[in-house]
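Please keep the sequence and the structure side by side as you read.

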Amino acid sequence: MHTLAEIFIKHCIVMISKKLEEELNKQINAEMYSAYLYLSMSAYLAKENLNGFSHWMKLQFEEEQAHAMKFFQYILDRGGDVKLEKINQPKLSWKGIVDVFEDVAKHEQYITGLINDLVDVAIQEKDHATVAMLQWYVSEQVEEEATVSELLDQLHIIGGKGSGLFMLDREAKSRSLSLTK
Ligand code: FEO
């Protein structure tokens with residue numbers, strides 16, 4: 001016996017495969033973990049009196065939640081089931097601002113790898129709608145990696161301290177969020 005909603009979905013939507021549904025659910029978890037990691041960095045940076053960078057990380061936390069929600073909505077739109085898993089505890093402390101951004105750079109490279117793997121699965125499953133949806137994330141990762149790499153270069157130039165750090169922290173404070181993409 002099917003509910004009306006199930007009958008509607010069955011006849012109106014090409015449903016997502018179970019394999020892809022599972023992989024997209026894993027990505028919700030990865031994006032939520034990213035959010036958690038950046039929130040942890042935000043707390044650490046506030047303790048270090050780097051309030052501009054702490055603000056920057058808080059926005060990063062919000063951006064990652066938005067990434068997770070895009071996957072959440074997509075799974076529902078395709079008639080799939082959202083399965084939320086436990087979010088692992090992130091690291092709580094770093095050796096300084098350079099250490100923080102080195103971790104961000106490594107983490108974003110890891111996420112890029114996950115997105116690329118997802119595209120591979122969508123192609124294998126011949127799911128063109130998911131391939132198209134994922135292109136947004138492919139571009140987003142290029143942007144994120146470039147932003148972090150530029151910040152990391154600047155932090156290396158100033159040696160992660162002194163008046164240079166004071167200036168960068170002030171700049172970081174002026175970051176605003178655009179979640180409309
Ligand atoms: Fe959602 Fe920073 O990747």
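Ser34 sits in helix 2, and it counts as buried because its relative accessibility is 0%. For such labels, buried means under 20% relative accessible area, exposed over 50%, and partly exposed in between, with a 1.4 Å probe and protein chains only.

Before going further, a word on where this comes from. The model is predicted, so local features need pLDDT of at least 70 and side-chain atom pairs count only at pLDDT 80 or more, while totals for chains, interfaces and linings use all residues. Residues are numbered from 1 along each chain as its sequence is written, and side-chain values use heavy atoms, with hydrogens and water left out.

Now step back to the whole protein. Its secondary structure comes to 6 helices and 0 strands, running α-α-α-α-α-α from the N terminus. Helices (H or I, at least four residues) and strands (E, at least two) are DSSP runs, numbered from the N terminus. The C-alpha trace spans about 65 × 25 × 25 Å along its principal axes. Of the 181 residues, 44% are buried. Among contacts with a separation of 6 or more, 82% join residues 24 or more positions apart. The protein exposes about 10,400 Å², and carbon and sulfur atoms supply 58% of that area, by the Shrake-Rupley method with a 1.4 Å probe.

An α-helix has 3.6 residues a turn, so residues three or four places apart point the same way. Just after helix 5, Gly159 takes a positive phi of about 70°.

Most residues other than glycine have a negative phi. Asn49, in the loop between helix 2 and helix 3, has a positive phi near 65°; Asn49 is exposed, because its relative accessible area is 61%. Lys126, in the loop between helix 4 and helix 5, has a positive phi of about 55°, and counts as exposed at 66% relative accessibility.

Where does the largest pocket find its lining? Helix 2 (18–47) and helix 4 (97–124) are the elements that give two or more residues to it, and helix 4 gives the most, with 7 residues. About 260 Å³ of space lies in this pocket. Of its 14 lining residues, the closest to its centre are Lys26, Gln27, Ala30, Tyr110 and Leu114. On a 1 Å grid over the protein atoms alone, a pocket is an open set of points where a 1.4 Å probe fits, with protein on both sides within 12 Å along at least five of seven lines; lining residues have an atom within 4 Å of a point. Grid points are joined across faces, edges and corners, and the volume is the space filled by probe spheres set on the points.

Definitions and conventions
Contact means heavy atoms within 4.5 Å.
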